[in-house]
Structures are given as C-alpha cells and as structure tokens.
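This briefing covers nonpolar cores and salt bridges. Please look over the structure shown here first.

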Amino acid sequence: MRYQQLIFDVDNTLLNFSAGETVALTTLFEKHGIAPTPSLVAAYQRYNTSLWRQIEAGTLTKDELFAKRFVTFFKEQLGQTVGPEVDQEYLGYLGTQHELMPGAMAMLKQAQRLGYQLGIITNGVAKVQKSRLSESGLAPLFSSVLVSETVGVEKPDPVIFERFFATSEVAPEQSIMIGDGLPSDIVGAHKAHLGLVQPAPGGEHQRGHPNRDRG
C-alpha cells in the first residue's frame with residue numbers, strides 16, 4: 001500500500017518543547033523574583049508531567065490543571081501564594097517558544113515534494129500550539145491541525161483520531177502517525193487503526209522520558 005498522509009505530534013517531534021518549557025519557566029520565575037535553579041525547573045517538570053498523565057488517564061481535567069498547577073507548586077515548593085492567573089502568564093511565555101527540532105523543516109518539505117499530505121494531532125492548549133506553529137513557520141505546511149483542547153479529549157483517546165479523520169481526505173489505513181510519546185502517540189494511533197505508526201527519533205519509547213506534548 002502507498003501511504004498518502006503523514007500525521008505528526010508537535011512537541012519534541014517537530015518543535016523542541018523541552019527547550020521552550022525551560023525558557024518559559026525561567027522567565028516566569030524571574031518575573032516573580034525567584035532564582036530559576038535547575039533543581040527547581042526539574043521539580044516543576046516532574047510535577048507537570050504527573051498532572052498531564054492524570055489528564056491522559058481521564059482523572060483530571062485541563063481546567064483543573066490550570067486552576068491548581070502553579071498555585072500548588074508555588075505553595076509547596078516556594079511557600080508563596082499566587083493565583084491561577086500565573087498559569088496564563090506562563091502559557092503566554094510558552095507560546096513564544098518555537099525552536100525547531102533538528103532537520104524538521106527539511107524533512108517536512110521533502111515529504112511535501114514526495115506528495116504526502118501533512119497533518120498534526122497534538123495534545124495541549126490550542127492558542128499555545130497554534131502560536132508556536134505559526135511563529136516557527138511550520139503552519140503553512142499542514143492541511144489539517146487538530147489540538148486536543150478543541151476536541152475535549154487528549155491522545156490516546158480514539159475520539160481525537162476519529163475527529164481528525166472525519167474531515168481528512170485520506171483514510172487511517174493510508175496514514176502514518178509520527179510522534180515521540182509511547183502512551184499518547186504510539187498507543188493512540190494503534191487504537192485508531194492507522195496504517196503505520198512511526199516513533200520519532202529520540203522519543204520517550206527510546207529514552208525513557210515522559211511525553212512533552214502539552215503546555
């Protein structure tokens with residue numbers, strides 16, 4: 001079978017979320033008079049990962065995450081009281097971070113030359129993901145971009161894949177999913193019966209790190 005469509009994850013597949021997250025956190029902490037030490041950044045990343053795992057498991061909503069994430073972290077790690085508006089401040093900084101993964105742009109342009117249709121299915125915050133894709137120059141390359149927030153479910157829920165293919169001109173069995181997240185991208189695409197699932201180089205299935213497809 002000739003595959004016709006490549007569907008990509010965004011974070012740590014096309015865009016370097018790890019680098020962008022660090023810059024956004026550093027900016028946030030400095031704005032609040034806090035030294036952004038590596039240990040503090042790492043503590044936040046572990047905490048944030050645990051929250052997004054709960055979202056993927058369906059035990060936490062995104063609204064609940066935004067309401068508690070930095071409120072709880074500042075209280076427990078720094079002994080400071082802040083409101084949920086700090087989360088929106090952080091997302092604003094994150095939305096400006098759009099460093100490309102090595103070779104991403106060249107690979108996508110080559111895929112276009114070979115006749116593949118390109119799409120995106122990403123977890124995360126719609127305004128953040130779309131801003132980053134636009135600022136990176138990637139957005140015009142894709143015919144379809146679906147962010148989980150607009151669907152109300154996260155990968156690996158099959159519903160997000162069903163929603164994508166409801167408007168796709170290419171069938172799942174003629175599509176390849178490429179992503180770095182074992183539970184979200186790889187397992188999710190298998191559940192949705194895509195023709196082929198291709199792990200992104202250096203993804204969590206290889207390096208043992210959690211998927212960074214989020215805000």
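The model is predicted: local features need pLDDT of at least 70 and side-chain atom pairs pLDDT 80 or more, while totals for chains, interfaces and linings use all residues. Residues are numbered from 1 along each chain as its sequence is written, and side-chain values use heavy atoms, without hydrogens and water.

**Nonpolar cores**

- A nonpolar core is a set of buried Ala, Val, Leu, Ile, Met, Phe, Trp, Tyr and Cys residues joined through side-chain atoms within 4.5 Å; buried means under 20% relative accessible area, with a 1.4 Å probe and protein chains only.
- The largest such core has 28 residues, and Phe29, Phe70, Phe73, Phe74 and Tyr90 have the most contacts inside it.
- Two or more residues each come from α1 (17-31), α2 (38-57), α3 (62-78) and α4 (85-94), helices being DSSP runs of H or I with at least four residues and strands runs of E with at least two, numbered from the N terminus.
- α2 gives the largest share, 8 residues.
- Another core, of 18 residues, lies apart from it and includes Met101 and Leu133.

**Salt bridges**

- There are 4 salt bridges, each a side-chain nitrogen of Lys or Arg within 4 Å of a carboxyl oxygen of Asp or Glu.
- Asp11 pairs with Arg132 at 2.6 Å between the closest N and O atoms; Asp11 lies in the loop between β1 (5-8) and α1 and Arg132 in helix α6 (residues 126-136), so the bridge ties together parts 121 residues apart in sequence.
- Asp11 is buried at 0% relative accessibility, and Arg132 is buried at 1%.
- Arg69 and Asp87 form a salt bridge at 2.6 Å, N to O, linking helix α3 to helix α4; both residues are buried.

Definitions and conventions:
Buried means under 20% relative accessible area, exposed over 50%, partly exposed in between (1.4 Å probe, protein chains only).
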